[in-house]
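Subject: Structure handover and findings

Hello,

My notes follow below it.

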Amino acid sequence: MCIRDSLQDSLGIVGADRVHKIELEGQNITGKGLSVCIVDTGISPHPDFSGRILAQHCFADDENPGDGIGYCPNGGEEDTNATDDNGHGTRVAGIVAANGGLKGMAPEVGIVAVKVCNSQGNCWASDIAKGIEWCREHKEDYNISVITMSLGTRDVFSDPQTCANLTNQTITPAANLAWKEGIFLDAASGNSWSTIGISNPACLENVTSVAASSKEDRIAPYSNVHEELLDLVAPGDKINSTTLSGYGEGSGTSFAAPHVAGAAVLLQQYSKLKNDYFLEPEEIRLLLKRTGKPVPDDVYADRSGLYFPRIDIYNAVS
């Protein structure tokens, strides 16, 4: 099995392989010195993450105690074991940060694993909010600059206020505060084949929404899109990444969002080394949108025919 095909293809598509060769102040632009908080099903040890999992935390299911789906290995909200018993979070982490058999978007970035979903991939909004809050509270401890969330509702939203109201006691305030304090957040737009709305939390104002594109630079037909609420597109089709047992291929907006998270890390490192300036989250979002390649949503005749910016990190840095 060739383990380099898919992820290496996507790095070339978005220009990350070229960015890695840029050197400033004796450092290559690979994410070194920064970290990304992956709010997902946890992360399992993998050779491609060796020495870079800086911290772990797990939040237990506390909304329905006794329902049999508690998922923190040691139980309770002080659990520092975020071992992945699903595989999803490990795949997401590889796209951002693999550095071994595969190379991710930011191969030297630190990894902070926050487990908020159970072995079936189900997550409570309250636990997602706690995960975001934990990342924000530990921003300075681990130099966290990005939170990525490849998760979301099956329902889609076309109105920002309706979206915010759904989680106005949980995710919405947590995301707003993290964004305000300088952390870039992104989330998958969802895989419901919708052209009229995207999932929550991707639909929130202070979360950058990400749909998936194919290697032919077309919007993947399963990707949720919305003319106003969708921010960015990134490769998400047939992406090879780290798994619980090695490497494997998968598709979905969950595989697109970590490409954007890695791009945000690279931009942040470049800006700090070049200009001694940390970009604000909105600056990162606008820069990636302005410098992205317009790709069409035209795979099927009944799709919208709209164009959305597919990230080009080399163009953004240039």
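Start with a charge over a ring. Arg18 sits over the face of Tyr314, at 3.7 Å from the ring centre.

Keep in mind that this is a predicted model. The protein chain has an average pLDDT of 92, and 92% of the residues score at least 70.

**Strand pairing**

Follow the parallel pairings from E3 onward. Strand E3 (residues 35-40) pairs with E6 in the parallel sense, over four bridges. Within that pairing, Ser35 has Ile144 as its bridge partner in E6. E6 also pairs with strand E7 (residues 184-188), again parallel, over four bridges. There, Thr148 is bridged to Asp186 in E7. Next, E7 and E8 pair in the parallel sense over three bridges. Finally, E8 and E9 pair in the parallel sense over four bridges. The partner of Ser213 in E9 is Pro235.

How enclosed is E6? Six of the six residues of E6 (residues 144-149) are buried, so the strand is largely enclosed by the rest of the structure. E8 is mostly covered as well, with six of its six residues buried.

Which residues of E8 point which way? Thr208, Val210 and Ala212 point one way, while Ser209, Ala211 and Ser213 point the other way. All of these are buried. In a regular strand the side chains alternate between the two faces of the sheet.

**Ser35**

Ser35 belongs to strand E3. Its relative accessibility is 0%, so Ser35 counts as buried; the cut-off is under 20%. The side chain of Ser35 reaches the backbone oxygen of Tyr142 at 2.5 Å. Not counting residues up to four places away in sequence, Ser35 touches a list that includes Leu54, Val109, Ile111, Tyr142 and Ile144. Ile144 is also the bridge partner of Ser35 in E6.

**Aromatic pairs**

How many aromatic pairs does a search of the whole structure find? The search finds two. A pair of aromatic rings is described by the distance of the centres and the angle of the planes.

- Trp134 and Tyr142 are stacked, at 6.4 Å centre to centre and 20° between the planes. Trp134 is buried, with a relative accessible area of 10%. Tyr142 is partly exposed, with a relative accessible area of 25%.
- Trp179 and Phe184 are tilted, at 6.0 Å centre to centre and 35° between the planes. Both Trp179 and Phe184 are buried.

**Phe184**

Phe184 is placed in strand E7. Its relative accessible area is 0%, so Phe184 is buried by the under 20% cut-off. Phe184 and Glu280 are 96 residues apart in sequence. In space they are 7.7 Å apart, C-alpha to C-alpha. Leaving out residues up to four places away in sequence, the contacts of Phe184 include Ser145, Val146, Ile147, Trp179 and Thr208. Also among them are Val260, Ala264, Pro281, Ile284 and Arg285.

**Backbone geometry to check**

- Asn200 and Pro201 are joined by a cis peptide bond, with omega at about 20°. Pro201 lies in the loop between E7 and strand E8 (208-213).
- Asp217 is not a glycine, yet has a positive phi of about 60°. Asp217 lies in the loop between E8 and strand E9 (232-235).
- Asp276 has a positive phi near 55°, and is a residue other than glycine. Asp276 lies in the loop between helix H8 (253-275) and helix H9 (281-291).

Are the two Asp residues buried or exposed? Asp217 is buried, with a relative accessible area of 9%. Asp276 is exposed, with a relative accessible area of 57%.

Best regards

Methods: Residues are numbered from 1 along each chain as its sequence is written. This is a predicted model: local features need pLDDT of at least 70, side-chain atom pairs count only at pLDDT 80 or more; totals for chains, interfaces and linings use all residues. Side-chain values use heavy atoms; hydrogens and water are left out. Buried means under 20% relative accessible area, exposed over 50%, partly exposed in between (1.4 Å probe, protein chains only). Helices (H or I, at least four residues) and strands (E, at least two) are DSSP runs, numbered from the N terminus. Two strands pair if DSSP finds at least two bridges between them. A polar contact is a pair of N or O atoms within 3.5 Å; within protein, one must be able to donate a hydrogen and the other to accept it, and residues adjacent in sequence count only if both atoms are side-chain atoms. Contact means heavy atoms within 4.5 Å. pLDDT is the predictor's confidence in each residue, from 0 to 100. Rings of Phe, Tyr and Trp (its six-membered ring) pair if their centres lie within 6.5 Å; planes under 30 degrees apart count as stacked, over 60 as edge-to-face and the rest as tilted. A charge sits over a ring if NZ of Lys or CZ of Arg is within 6 Å of the ring centre and within 35 degrees of the ring normal.
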